[in-house]
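Try each task yourself before you read the solution.

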Amino acid sequence: AYSSEHGWTDVFQPLSSTCTEADHPVSWGSNHKAIKTVFLPRFGSLDPKLPQLPQAVPKDLADKLMAFHGYPFVWFVGHFVKYLMRPNAKMQSYIDSKSKGLSIQKPYVGIQVRRTDKLNSEAAFHALAEYMVHVEEW
């Protein structure tokens, strides 16, 4: 995990060009519905805890998304995270310099292979070759 004493913009672009700093963010759970700026801790640290996070998309996009994607929430979150994680100029330069010598052909597929945190409690072991079958299909 990356950690920076300089914060989000040390690596990523600001989330907004007009709302870059909150004067007085209010912590989650303290009348957050009436406040414009709420500090959200990591999900596991929310207090009061939510029974679940709804898998929702903005209402004005829902019908359009359902017309072309079987799981609109996944599409929306993917695009939202892509927006959030736009590298700043310094990071983009670093990425470009590191990727110059690579001979990666498009399209390429990224996969997450979980090995440590789920194996003993929730998931069975799957060999890497099993994942590659799905990558080839993609």
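**Exercise 1.** Find what share of the contacts with a separation of 6 or more comes from residues 24 or more positions apart.

*Solution.* Start with the term: a contact means heavy atoms within 4.5 Å. Among contacts with a separation of 6 or more, residues 24 or more positions apart account for 31%. Keep in mind that this is a predicted model, where local features need pLDDT of at least 70, side-chain atom pairs count only at pLDDT 80 or more, and totals for chains, interfaces and linings use all residues. Residues are numbered from 1 along each chain as its sequence is written, and side-chain values use heavy atoms, with hydrogens and water left out.

**Exercise 2.** Work out whether N88 is buried or exposed, and which residues it touches.

*Solution.* Next, check its cover: N88 has a relative accessible area of 13%, so it's buried (under 20%; exposed is over 50%, partly exposed in between, with a 1.4 Å probe and protein chains only). Then look at its partners: apart from neighbours within four places in sequence, N88 is in contact with T9, D10, V11, F12 and Q13. Finally, zoom in on the atoms: the N88 side chain reaches the backbone oxygen of D10 at 3.2 Å, and a polar atom of that side chain lies 2.8 Å from the backbone nitrogen of M91.

**Exercise 3.** Classify F80 by its relative accessibility.

*Solution.* F80 belongs to helix α2 (residues 72–84). Its relative accessibility is 44%, so F80 counts as partly exposed.

Terms used: Helix = DSSP H or I, 4+ residues; strand = E, 2+ residues; numbered from the N terminus. Polar contact = N/O pair within 3.5 Å; in protein donor to acceptor, adjacent residues only side chain to side chain.
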